[in-house]
Amino acid sequence: MRLERRERVPALALVAAPVAAILAALSLCSILIALAGASVLAAYGTLLNESFGGRLGITETLTRATPLIFTGLAAAVAFRARFWNIGAEGQFYMGAIAVAALGSINFGLSPMMEIPLLLVCGALAGACFIAGPAILKVQFGVDEVVTTLLLNFVAILLVSLLVEGPMRDPLSFGWPQSEPIIDTAVLPHLVERSRLHWGFVLALLAAAAVAFLHARSVFGLSTIAVGLSAPAARHAGIKVERVLIMAALGSGMLAGLGGAVEVMGLKGYVTTDLSPGYGAAGVIVAMLASLNPLGIVPAAVFVAAMFVGADAMARAHGVPSFIADVIVATSLLSMLVALFLAEYRVRR
Amino acid sequence: MTPALELAGITKQFGQLLANDRINLSLGRGEVLALLGENGAGKTTLMNILFGHYVADAGSVRVFGRELPKGDPAAAIAAGIGMVHQHFTLAGNLSVLDNITIGTEPLFALRSRRSRARARLHDLARRFGLQVDLDARVADLSVGEQQRVEILKSLFREARILILDEPTAVLTPQESERLFSTLRSMTQEGLSIVFISHKLHEVITHADRVAVLRQGRLVAERPTQGASRAELAELMVGRRVLHPSRTPLPPGRTLLRLQGVSAGSTGQGGLAAVDLDLREREVLAIVGVAGNGQAALSRLLAGLSLPTAGSIEIDGHHLRRVDPSGLQQMGLAHIPEDRHKEGVVSDLQLYENAILERIRDRRFSAFGLLRPRAARAHAATLIEAFDIRGAKPTTRTRLLSGGNMQKLILGRNLIEKPRIIVASQPTRGLDEGAVAEIHRRLLEARSDDAGILLISEDLDEVFRIADRVQVIFRGRLSAPLPIEQTSEAGLGLMMAGEERHEAGTA
């Protein structure tokens with residue numbers, strides 16, 4: 001038996017790959033559910049019902065998907081250029097804390113001014129946080145995996161320092177959380193009596209913008225060329241270092257924007273558990289979408305649905321809610337296999 | 001007497017490609033057989049099947065009458081087959097002795113039997129003229145010496161049949177001669193030899209018999225005695241190839257001048273104070289054995305590195321800060337040595353590669369946004385004008401054959417009418433038809449007043465299209481010689497470092 005690279009990857013295979021991967025992951029995880037002593041169909045039924053059944057389920061899933069779309073886009077933008085930004089978590093927190101710091105002060109601006117300005121600040125905070133690793137990478141060849149990864153811890157500890165110290169809300173009864181942002185800084189709700197906010201629309205716009213840039217802009221083609229073959233791109237006169245820095249900054253901006261939107265639309269303040277690992281989950285989302293910006297939206301919705309549904313499944317059937325993590329992780333692994341099989345075929 | 005080697009009905013298919021189609025071949029004891037064919041004809045596949053790296057779909061391999069198990073290199077070695085690959089399989093940081101004995105001793109032996117190995121190797125080296133310092137580090141050896149180590153390694157493992165894949169590709173003409181006399185002395189002791197080649201003259205001079213492969217089929221098998229180059233070439237290509245001929249043109253003004261240019265560290269592929277003058281309407285060839293500074297020169301003229309000393313002038317303008325797009329705007333086109341790595345982004349579509357070097361040109365983008373329709377139209381023009389076969393603008397570039405990929409790279413440059421063309425190994429690995437096509441295009445550009453700097457290791461190519469030649473050796477360039485005043489032997493000696501006044505003239 002040997003593997004052979006396909007001459008052309010059929011378009012159907014690219015669509016079928018994530019679907020097959022998710023189905024494979026769900027069937028693998030059904031073994032775990034059965035082992036936990038629950039009925040597989042009933043458990044998955046509860047999961048689906050909770051995350052997609054009814055207005056509440058759907059809005060809750062889309063609310064959870066919003067930060068995942070941003071961090072997924074952040075991963076896709078960087079990975080396309082082969083800049084391995086593993087630090088979306090840190091950039092997310094920097095965007096969030098910047099918005100919490102500025103948004104809690106009343107400058108007397110109208111919402112039409114306040115909201116865009118805060119979003120820009122959040123994006124810039126994320127970009128600033130990745131600028132160091134990006135410059136170190138192109139100037140000295142420092143591995144960005146290490147620097148971006150380690151800066152995650154710096155970001156979380158910094159946020160922890162701020163929310164326990166100078167930024168602590170005096171009315172929080174001693175809980176480590178920042179002062180809430182003022183009303184004019186809050187993103188309005190999208191659906192009444194739900195937590196879904198306009199941030200979701202922003203996320204969709206961001207996905208469309210990234211898709212357009214990748215497909216139609218000089219910057220997009222340069223990024224893709226650098227990612228596929230830096231030596232050939234350099235030889236063709238593309239300024240590889242500049243493209244890498246731009247892609248990294250873009251990635252940081254998207255992650256920072258994600259953090260800003262989460263604070264402005266959902267939480268209103270920052271705590272150290274603002275993100276239950278949106279940075280790492282963003283990498284999974286991006287991989288599930290094979291770095292396609294438009295594919296990131298459904299991929300993020302899938303991952304969000306698993307997290308939303310898992311709690312209900314745990315309550316109703318006694319299956320540990322960690323099963324959501326297992327499903328998401330398994331689907332990433334299956335996706336890698338599925339993508340491989342889309343690119344190659346097995347021959348006797 | 002049973003033949004040393006017998007291949008019967010060997011068939012191997014890779015996807016759509018039939019790499020070997022029912023090949024029958026035998027090798028007598030003490031015989032030198034040349035396997036002739038273009039790139040992609042299936043020579044290397046056949047040898048890899050023989051050596052057990054690949055498993056054939058059908059057919060059998062017999063060595064001294066006994067059938068070899070499939071896909072088992074260890075069995076092939078045990079049966080007495082030794083293989084010298086085109087890319088050596090040596091560990092650079094180990095000594096020659098270690099490289100040869102590695103894998104022949106039990107892993108947990110308490111003491112190694114080095115002195116016995118050493119004595120045997122001295123004996124082998126003496127018998128076959130394969131002198132190398134057994135204690136030298138392999139990385140410090142020349143390519144010719146490394147090849148001797150590879151051959152010694154096979155002999156040490158008691159090979160009776162030696163297979164050499166393009167053994168002369170990296171050697172100077174003199175080193176090649178020496179290799180063939182070694183091979184001859186081995187056959188006198190009863191060893192059998194197969195060497196793969198696409199160089200007709202060495203096949204005719206040094207092999208007893210030649211087998212010609214074309215598109216996976218064995219198309220001819222005959223003694224070399226009485227065979228002519230033209231006849232073999234036609235068998236190999238399947239048709240008569242018309243090579244373009246160079247007509248003398250009066251050269252014009254100087255386009256590109258290098259004065260005392262150094263780059264990198266000499267001795268390690270750098271350049272040491274080289275001078276050259278490239279004029280309008282001429283092809284200036286820089287010829288030398290690989291690794292003597294060609295790569296540094298090529299990178300310099302691609303705008304990928306800066307000289308550490310000396311000056312580069314284009315049209316009399318001194319270059320200070322160079323980058324690839326800057327040089328391109330000055331009318332310099334660069335054809336890189338490695339098509340797949342530097343020439344194109346192979347996973348992009350053809351039309352994207354067609355515009356990649358001019359992505360910011362107003363024809364292909366406006367306000368930072370691409371104009372895909374214009375780019376596709378441009379690619380269609382290139383496909384038409386440069387005869388890029390079997391391709392559409394949206395074809396994935398990876399799927400092009402080497403020749404068609406090179407036509408794309410050359411075409412996207414030539415269509416802009418560059419004044420200076422720096423071409424590094426432009427025809428390496430291409431079939432004869434594509435070689436003739438590339439040469440024709442370069443000569444056309446020359447008639448259109450361009451100056452062409454041809455960096456090449458292929459003397460045939462140099463004699464076909466160059467007007468003047470400079471030899472590169474250890475980072476230094478010889479003075480330019482008109483091609484009419486040189487000979488293959490003379491250039492060969494200069495490529496090996498001999499001074500011109502001793503040996504340069506014909």
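## A sheet in chain B

In chain B, four strands line up as an open sheet in the order 2-1-4-5, and their pairing is antiparallel. Keep in mind that this is a predicted model. At the edges sit strand 2 (17-27) and strand 5 (66-67) of chain B, each pairing on one side only.

What holds such strands side by side? Strands of a sheet pair through backbone hydrogen bonds. Take strand 1 (residues 5-14) and strand 4 (residues 58-63) of chain B: they pair in the antiparallel sense over five bridges. For a spot to look up, find L5(B), which stands opposite V63(B) in strand 4 of chain B.

## Domains of chain B

Zooming out, chain B splits into domain 1 (5-237), domain 2 (244-331 + 418-506) and domain 3 (339-416). The centres of domain 2 and domain 3 of chain B, taken over C-alpha atoms, are 26 Å apart.

Where these two domains of chain B touch, domain 2 brings 11 residues and domain 3 brings nine. On the domain 2 side, helix 15 (residues 432-447) of chain B gives the largest share, five residues. That side of domain 2 of chain B is made up of six nonpolar, two polar and three charged residues.

## Two helices in chain A

Now hop over to chain A, where helix 7 (residues 199-216) packs against helix 12 (residues 293-317) at an angle of about 150°, with the axes 7 Å apart. Angles over 145 degrees count as roughly antiparallel, so that is what helix 7 and helix 12 of chain A are.

Helix 7 of chain A touches with L204(A), A207(A), V210(A), A211(A) and H214(A), while helix 12 of chain A uses P293(A), L294(A), I296(A) and V297(A). Of the residues in this contact between helix 7 and helix 12 of chain A, eight are nonpolar, one is polar and none is charged.

Terms used
Residues numbered from 1 in each chain as written. Chains lettered and ligands numbered in written order. Predicted model: local features only at pLDDT ≥ 70, side-chain atom pairs only at ≥ 80, totals over all residues. Axes fitted to C-alpha atoms, helices over the stretch in contact; angles between N-to-C directions. Parallel < 35°, antiparallel > 145°, perpendicular 65-115°, else oblique. Contact = placed C-beta atoms within 7 Å. Nonpolar A, V, L, I, M, F, W, Y, C, P; charged D, E, K, R; others polar. Domains from an automatic or database assignment. Pairing = 2+ DSSP bridges.
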